[in-house]
Amino acid sequence: MQATIPAGLDRKEAEVYRQLDPERLPKHIAIIMDGNGRWARRRHLPRMAGHRAGVASVRSTVETAARIGIPWLTLYAFSEENWKKRPRSEVDFLMGLLCRYLKAEVPTLNKNNIRLEYIGRQHELPPMVQEKMAWAREATAANTGMVLTLALNYSARTELVDAFRSIVDAAARNGGLDHLEIDEDAVSQNLYTRHLPDPDLVVRTSGEMRLSNFLLWQLAYAEIYVTPTLWPEFRGLQLLEGIAEYQKRERRYGGLADHAPHAHGSHPHPSKTGRS
Ligand code: FPP
């Protein structure tokens, strides 16, 4: 039977979508957006031009993901290391870009029923940026469609440190550490991502084969898709190509192929079945 093509896909996107099984779309896709600087360098442009061009890629990717009904999309926008190791001028530019993006995109997010969330140490960002972020989150809070989570000033190791601290703090408040029991659910519930299921698919652009301190706990069973496309050239079409590749993979969660309860799609307790 011919799959119904979601409204809003262009001709090329529709062509790739037609090859997909709509029943086995990844529920949560996480993307490491990389290659803005290289894109700019190849054009003899300043790095900032690459970041600016990257905004159009964010827009296209978010819209296509929402159109095909992906429930959760998480974008690694700025790592903690980005803030600490890049020149001040670049960091300031990225902050300004983020604020302009939030201001300009809220109407489109609302039109597409997308709710905005954040992960990362928000309190370390400049107060002006925090205010804009809170405003955008509030303005999209009633939406019931895709949840778009932006990782800003994010580090997976810092997230784990913060999780362990909050577990210990809560135990200290509730009668001391003597009865403290820590299991996987306790860790998951204390991560910044407690509002999200683990990603099924992680996409990295620009060909690098690294996770770069992104969602280290949550990506334990994710399929990894690396594309040589630089982020400013990535669009909804490339996202669909990544999903097509994902659907060719066999997910086992440490079990056997024939016995996997869900060969594709989210698994409720992947960690209970051992390594894969
Ligand atoms: C990686 O490219 C990209 C970033 C550090 C910034 C990501 C920002 C955007 C995509 C635009 C704004 C985003 C939002 C959500 C408004 P790089 O600079 O590390 O590239 P390189 O590795 O080629 O130098």
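**Reading a sheet, its core and its helix contacts**

Q: How many bridges join strand β1 to β2, and in which sense do the two strands run?
A: Strand β1 (residues 28-32) is joined to β2 by five bridges, and the two run parallel. Two strands pair if DSSP finds at least two bridges between them. The names come from DSSP runs numbered from the N terminus: helices are H or I runs of at least four residues, and strands are E runs of at least two. The model is a predicted one, in which local features need pLDDT of at least 70 and side-chain atom pairs count only at pLDDT 80 or more, while totals for chains, interfaces and linings use all residues. Residues are numbered from 1 along each chain as its sequence is written.

Q: Which residues of β2 stand opposite Ala30 and Ile32?
A: The bridge partner of Ala30 in β2 is Thr74. Ile32 stands opposite Tyr76 of β2. With β5, strand β1 pairs in the parallel sense over four bridges; there, Ile31 stands opposite Val203.

Q: In which order do the strands of the open sheet lie?
A: The six strands have the order β3-β4-β2-β1-β5-β6, with parallel pairing. The edge strands are β3 (115-119) and β6 (223-226), each of which pairs on one side only. Neighbouring strands of this sheet are turned against each other by 20 degrees on average, direction ignored.

Q: Which way do the residues of β1 point?
A: In a regular strand, side chains alternate between the two faces of the sheet. In β1, His28, Ala30 and Ile32 point one way, Ile29 and Ile31 point the other way, and all are buried. A residue is buried if 20 or more other C-beta atoms lie within 10 Å of its own, exposed if 12 or fewer, and partly exposed in between, with C-beta atoms placed from the backbone. Because five of the five residues of β1 are buried, this strand is largely enclosed by the rest of the structure.

Q: Which members of the largest nonpolar core touch the most other members?
A: Nonpolar side chains tend to be buried together in soluble globular proteins. A nonpolar core is a set of buried Ala, Val, Leu, Ile, Met, Phe, Trp, Tyr and Cys residues joined through C-beta atoms within 7 Å. The largest core here has 56 residues, of which Ala65, Leu73, Tyr76 and Ala77 touch the most other members. Strand β2 (residues 72-79) supplies the largest share of this core, six residues. Leaving aside neighbours within four places in sequence, Leu73 is in contact (C-beta atoms, placed from the backbone, within 7 Å) with Ile29, Val62, Ala65, Met146 and Leu148.

Q: Which helix lies across β5 and β6, and at what angle to β6?
A: Helix α9 (residues 236-248) lies across β5 (201-204) and β6, and runs at about 140 degrees to β6. Axes are lines fitted to C-alpha atoms, for helices over the stretch in contact, and angles run from 0 to 180 degrees between N-to-C directions.

Q: At what angle do the axes of α3 and α9 cross?
A: Two packed helices are described by the angle between their axes and the distance between the axes. The axes of α3 and α9 cross at roughly 55 degrees and come within 8 Å. That makes α3 oblique to α9, where angles under 35 degrees count as roughly parallel, over 145 as roughly antiparallel, 65 to 115 as roughly perpendicular and the rest as oblique. Ser60, Thr61, Glu63, Thr64 and Ala65 of α3 make the contact with Gly236, Leu239 and Leu240 of α9.

Q: How do the axes of α5 and α6 cross?
A: Helix α5 (residues 88-111) and helix α6 (residues 127-140) have axes that come within 10 Å and cross at roughly 10 degrees, which makes α5 roughly parallel to α6. Among the residues in this contact are Leu98, Cys99 and Leu102 of α5, and Met133 and Ala136 of α6.

Q: Where is Gln130, and which residues does Gln130 touch?
A: Gln130 is placed in helix α6. Not counting residues up to four places away in sequence, Gln130 touches Gln122 and Leu125. Gln130 counts as partly exposed because it has 15 C-beta neighbours inside 10 Å.

Q: Where is Ser212, and what is its phi?
A: Ser212 is found in the loop between β5 and β6. Its phi is near 45 degrees, a positive value in a residue other than glycine. Asn213 is also not a glycine and has a positive phi of about 65 degrees.

Note on methods:
Two residues are in contact if their C-beta atoms, placed from the backbone, lie within 7 Å.
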